[in-house]
Amino acid sequence: MKLIYQQMIAFFVVITTLLLILGISFFHLTTTMIYENTWVQLEGYAYSLKTQSMTIETNPNGKQTFTLDIGKLQTSELLLRNQQVHFTIYTTRKRVMYPDQGYQSIISNRDWKKLEKGEILRRKSDLGWRGADKQNVQNQQRMTDILAPCFDENGQLIAVISVGAKVSSLQESFTKIQRNLGYVLLFSALLGALISYFLAHYITKRISKLRNAARAVASGDFDVNLVDHKRDELDDLAKDFNQMTSSLKQSNEEIKRQEQKRRQFMADAAHEMRTPLTTINGLLEGLAYDAIPEESKEKSIELMRNETRRLIRLVNENLDYEKIRSGQIELKKTTFDAMQAIHNVAAQLKKKAQGAGDGIEVVGPTKLNVFADYDRFVQIIFNITQNAIQFTENGVIRISAERGYNSSILRVADNGIGMNEEQLKNIWERYYKADISRKNTKYGESGLGLSIVQQLMEQHNGKVEVTSKPGEGSTFTLIFPDEK
Ligand SMILES: Nc1ncnc2c1ncn2[C@@H]1O[C@H](COP(=O)(O)OP(=O)(O)OP(=O)(O)O)[C@@H](O)[C@H]1O
Ligand SMILES: [Mg+2]
């Protein structure tokens, strides 16, 4: 069954149950009130009958008798009969004193005992007889009545006045109320159905919006955004949905980015390898067809060796990167003097720096402990310093070291070509070379150096940061945490 119908039925059931309960209680209350009013009225009649038509006299011998003023009684009876009210005066449970032919209600033994105790009895419905002919069922009549006891001065029950009204006359009022109530209930039920429809429609409409949004997301549209009015659980759901969509969007973009990176990597790797392979192939063909003059042969072989070395380096670095990334290499971390290692690297690169017209400075304490894998530490410093030399002409490369908070901090600063924001974002990517014009330079750089540095720093639980300005130079900061 559709949700809207389920909701409608639920609302409708609640509304009508409520209405029914209210209707029944209202009906009950009004009938009780009608009975109460009738009884109070009947009791009033009984009281006036008693005071107006009954007199109690004491005989000289002390005995008390009571007499009825028949004339007054008849007038009263006539008056009351017009109002559909009947009265009877009993002297004992079964003996009627007045009237001879009037309505006679039946008083049970229990009731009589209560009357003797002075209780006024109110009876909702009593089946009595009109007249003396008790064989004729048509003479039977349903009455609601009160029974009021009359006592002499000694507290002896001398008479009971019963005043009753026909139940059928009350019944008319009940039917009227019932009918009116029926109309009200019918009208309210219709209104209830209408209200339930609108309520159900309102809720299902909101759910439909969510459903449409979910469908849109399923078909790849991650830009859907549901309005969150912060009112109820459906709004909470909308908020969660929005969060889900935004994280799906992020993951989707990340997947696309990764895919793009993978493609780029494949293309770059192929490109990087194709150049040396083409060179080698060209030279080999030249040699095979004897197209290379004798004096150039040695140079050609040297070129081929260089290109082959470059290929080997490329493959090795790629393998190295993958190994570091997947945690396949195990670092042998020890605490050693970083200054000595830095001086070594500076000495090794001194010639290269001079080639570019650069000077290398090492600044720092005489000894500075660092917790790292010695070989990998040298590889990191070497890579970064080599980059600094590569991208700086006639400048100064300064390697400094100092103690940080529970760490050793190293900086390699140059005043070379520097990098812009866009380049800074990408330098950690494999094969990324910011300066296209410097691709395939004499150093044969492949754009793998910094990605390896970054992976190695991660394995050391350390951090590598860079600040740079085009034309002013770059500073790489390396933070190696101490042993815990
Ligand atoms: N000190 C620097 N100054 C200016 N640009 C730099 C500096 N260091 C790195 N870069 C930029 O970042 C790019 C990536 O550097 P990375 O070391 O990863 O590769 P590479 O030096 O080009 O090649 P490889 O190190 O694999 O031989 C460089 O091509 C260069 O454009
Ligand atoms: Mg490099």
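In the predicted model, helix α7 contacts helix α8 through A338, Q340, A341, N344, V345, Q348, L349, K352 and A353, which meet Y374, F377, V378, I381, F382, T385, Q386 and I389 of α8. Eleven of the residues in this contact are nonpolar, five are polar and one is charged. Residues three or four places apart in an α-helix point the same way, because the helix has 3.6 residues a turn. Such spacing is illustrated in α7 by A341, V345 and L349, and in α8 by F377, I381 and T385, among the residues of the contact.

The geometry of a packed helix pair is described by the angle between the two axes and the distance between them. For α7 (residues 338-355) and α8 (residues 374-390), the axes come within 10 Å and cross at roughly 40 degrees. The crossing of α7 with α8 is right-handed.

The domain assignment divides the protein chain into domain 1 (3-177), domain 2 (223-329) and domain 3 (331-481). The centres of domain 1 and domain 3, taken over C-alpha atoms, are separated by 113 Å.

Helix α4 comprises 52 residues (167-218) and should span 76 Å at 1.5 Å a residue; the 72 Å between its end C-alpha atoms therefore agrees with this expectation. Just after α4, G220 adopts a positive phi of about 100 degrees.

An unreviewed UniProt entry places the feature "transmembrane region" at residues 9-29 and 181-203. In the model, residues 9-29 are 100% helix and 0% strand, with end C-alpha atoms 30 Å apart. Residues 181-203 are likewise 100% helix and 0% strand, and the end C-alpha atoms of this span lie 32 Å apart.

Technical notes. Residues are numbered from 1 along each chain as its sequence is written. Chains are lettered from A and ligands numbered from 1 in the order in which they are written. This is a predicted model: local features need pLDDT of at least 70, side-chain atom pairs count only at pLDDT 80 or more; totals for chains, interfaces and linings use all residues. Side-chain values use heavy atoms; hydrogens and water are left out. Helices (H or I, at least four residues) and strands (E, at least two) are DSSP runs, numbered from the N terminus. The expected span of a helix is 1.5 Å times one less than its number of residues. Domain bounds come from an automatic or database domain assignment. Axes are lines fitted to C-alpha atoms, for helices over the stretch in contact, and angles run from 0 to 180 degrees between N-to-C directions. A crossing is left-handed if the near helix is turned anticlockwise from the far one by less than a right angle, and right-handed if clockwise. Contact means heavy atoms within 4.5 Å. Ala, Val, Leu, Ile, Met, Phe, Trp, Tyr, Cys and Pro count as nonpolar, Asp, Glu, Lys and Arg as charged, and the others, Gly among them, as polar. UniProt positions are given in the numbering used here, feature names are shortened, and annotations may be inferred rather than shown by experiment.
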